[in-house]
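Please look over the sequence and the fold below before reading on; the paragraphs that follow go from the chain as a whole to one group of side chains.

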Amino acid sequence: MKQNVAHKFGQGLTPRQFVEGMTKNQQAFESWYEKFAWEDQDDRAYFESLNHRDDLRVLILAADWCGDVVRNVPVVFRILETAGIKTEVLILEENQDVMDDFLTMGGRAVPIVIFADTGGYVLGHWGPRPEHVQSLMREFKRENPDREAPDYESKIAEVRKAMGQAYGEGTESHAVIAKELRSLISGF
């Protein structure tokens, strides 16, 4: 049976409310938002073409303390604005029930961008980070399953540094996110 999130429609924050309510990382978040630019005009045209669709809704599980939210959600906001898709943000701590339906490798990781139809049936989701960055964490978890191991903390610090490098110094990951979202939405 497909998951249904209709009970959460109207319960979230608008993207603007989320940004205005941030108590951590607001300046960095807004900076990434301002830096967004379409690198691929075909992607831009694709998302603009979605404006005629009124059958999609998006819920984004997020937390302002999370680095991946700060990097990725501004890009997702800009893409969804271009597409004209109704978007709400659900604060992670207040929506554990939804979070538990979208675990990443068994854990709670945000952001999770949930695409649903107007009836609330989940069509697909994206997150918490672009695939080329997430693959580093997947490999780390496979090689380091014991969180209690004495060297776990030093090793996770190393993979987090590698993930930061994989994101790149600037906006390189923005075009990747656009392509991943386009690929996902093209399947609905």
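How many helices and strands make up the secondary structure of the protein chain? In this predicted model, the protein chain has eight helices and four strands, and read from the N terminus these elements follow the order α-α-α-β-α-β-α-β-β-α-α-α. With a radius of gyration of 16 Å, close to the 16 Å that the globule rule gives for 188 residues, the protein chain is as compact as a globular protein of that length. Along the principal axes, its C-alpha atoms fill a box of roughly 55 × 35 × 35 Å.

Turning to the interior and the surface, 44% of the 188 residues of the protein chain count as buried, and among the contacts with a separation of 6 or more, 76% are between residues 24 or more positions apart. The protein chain exposes about 9,700 Å², of which carbon and sulfur atoms supply 48%.

The aromatic side chains come next. A search of the whole structure finds seven aromatic pairs. A pair of aromatic rings is described by the distance of the centres and the angle of the planes. For the pair formed by Tyr46 and Phe47, the distance is 5.2 Å centre to centre and the angle between the planes is 80°, which makes the arrangement edge-to-face.

Terms used. Residues are numbered from 1 along each chain as its sequence is written. This is a predicted model: local features need pLDDT of at least 70, side-chain atom pairs count only at pLDDT 80 or more; totals for chains, interfaces and linings use all residues. Side-chain values use heavy atoms; hydrogens and water are left out. Helices (H or I, at least four residues) and strands (E, at least two) are DSSP runs, numbered from the N terminus. The radius of gyration is taken over C-alpha atoms; the globule rule is 2.2 Å times the number of residues to the power 0.38. Buried means under 20% relative accessible area, exposed over 50%, partly exposed in between (1.4 Å probe, protein chains only). Contact means heavy atoms within 4.5 Å. Accessible areas come from the Shrake-Rupley method with a 1.4 Å probe; for residues, only the protein chains shown count as cover. Rings of Phe, Tyr and Trp (its six-membered ring) pair if their centres lie within 6.5 Å; planes under 30 degrees apart count as stacked, over 60 as edge-to-face and the rest as tilted.
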